[in-house]
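Me: I would like to go through some of the labels attached to this structure and ask, for each of them, what it rests on.

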Amino acid sequence: LSAAGQHAYNPQVAVGSDGATSVVWYRSDGSSDIVQASTRPAGSGTFAGAVNLSAAGQSAYNPQVAVAVDGATTVVWHRSNGSNSIVQASTRPAGSGTFGAVVDLSAAGQNAYDPQLAVAVDGATTVVWQRSNGSNWIVQERTRPAGSVTFGGAVDLAAVGQSAYDPQVAVAVDGAATVVWERDGPTYTRIQESTSGATMYSLTLTKSGTGSGSVSSSPAGINCGPVCNYPFSLSSSVTLTATPTTGSSFTGWSGSGCSGTSTCTVTMLGARAVDAQFTKLPLPSNLFTIKSVKVGVKALTSTVVLPGPGTITQIVTRSVKKKSKSVKIGVCKTSKKTTKAGTVKLTCKFSSATRKALRKRSLRVSVKTAFTPTGGLLASKTKTVTLKRKR
């Protein structure tokens, strides 16, 4: 990989998720040491020619390399600027064949050495190193957030007063970065660590269509209904379940790779948005037919033809005069639930007061029949029937 005729040292290698392989090292050009890189593309058996990453004229050492899930490759090293050593970085963006401009990560004026780096699943890149403050060494870090091309400011991790060395960094699948280092103490050397919080991304749920329903998530968070967005940890798997209300159907997902009418599972590698579509169902028919109304000695029996499942109710009343006013009083009432279309018989048994009145005279009564289909609207019919006197 390195050219013959000049020394090359400290190779490091990283492999992308597609199999592309990047190797970095530092090599003498006869007057100074230069960081170089070579990449073997995915599916290829051959490495491309070496490219210089650090500038000529001043020595650069100890390169490290890491590759993001999308293929973006970042290399870090420390390099002399003539008076002290600074940590630098260069990145080849995803899909590009060229490394970008070199970026200084540590501040000039005081020596910085031994950078290490780690890349989160979402592409956030954390670099750590040790840097002199003039009296002791401090571990520092800088992070380039997911989707950004710029590193944030340097952060001191180790406390001042006693030197800290040899930092190492690793990133969990939820985005939490942990840095460890060795630090001097008054009587002994100890290992210390610092961990950043897990990266959180928002999952936003919208509802569309003519119908209505709710969406919930596992793990809990989305309850749409009232809460239609919620932050979840990086790389967490969130399963969404849609439940239509009566009179609506769930007709499918869209967004963030979801489709169909089963559950939707979203992997939180960044902010995600999903839409759930509900469609209003046609109202079930409430058209029923009264085939017959037969009056017996003690009851009235109606035969009714129903278009589907629901509740059929029959209320029989008669009018009487009280203080020159017409008042309705109950004769009988009955109700029945049905689970399918078909013919239903309703038997409405007369009250004792009605049976007593019938021994004196015939009675004209109002028969109100009402049907409410399951998930539909009520319909009613009223007819007048004569109950003949029973001697």
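**Labels and their grounds**

Reply: Asn62 has a relative accessible area of 24% and is therefore partly exposed, a class lying between buried (under 20% relative accessible area) and exposed (over 50%), with a 1.4 Å probe and protein chains only. This is a predicted model, in which local features need pLDDT of at least 70 and side-chain atom pairs count only at pLDDT 80 or more, while totals for chains, interfaces and linings use all residues. Residues are numbered from 1 along each chain as its sequence is written, and side-chain values use heavy atoms, with hydrogens and water left out.

Me: What is the phi of Asn62, and where is Asn62 found?

Reply: Phi of Asn62 is near 50°, a positive value in a residue other than glycine. Asn62 is found in strand E5, residues 60–67, where a strand (E) is a DSSP run of at least two residues, numbered from the N terminus.

Me: Why is Ser256 called partly exposed?

Reply: Ser256 has a relative accessibility of 32%, so Ser256 counts as partly exposed. Ser256, which is not a glycine, also has a positive phi, of about 55°, and lies in the loop between strand E21 (248–254) and strand E22 (264–267).

Me: Why is one side of strand E1 and of strand E4 left without a neighbour in the sheet?

Reply: The open sheet has four strands in the order E1-E2-E3-E4, with antiparallel pairing. Strand E1 (8–15) and strand E4 (51–52) stand at its edges and each have a single partner strand, so one side of each has no neighbour in the sheet.

Me: How do you know that E3 and E4 pair?

Reply: Two strands pair if DSSP finds at least two bridges between them; strand E3 (residues 33–40) and E4 are joined over two bridges in the antiparallel sense, so they pair. Ala37 stands opposite Val51 in E4.

Me: What makes the link between the side chains of Thr313 and Ser335 a polar contact?

Reply: A polar contact is a pair of N or O atoms within 3.5 Å; within protein, one must be able to donate a hydrogen and the other to accept it, and residues adjacent in sequence count only if both atoms are side-chain atoms. The side chains of Thr313 and Ser335 make such a contact at 3.2 Å. Thr313 is placed in strand E26, residues 310–322.

Me: Which peptide bond involving Pro219 is cis?

Reply: The cis peptide bond joins Ser218 and Pro219, with omega about 5°. Pro219 lies in the loop between strand E17 (213–218) and strand E18 (223–224).
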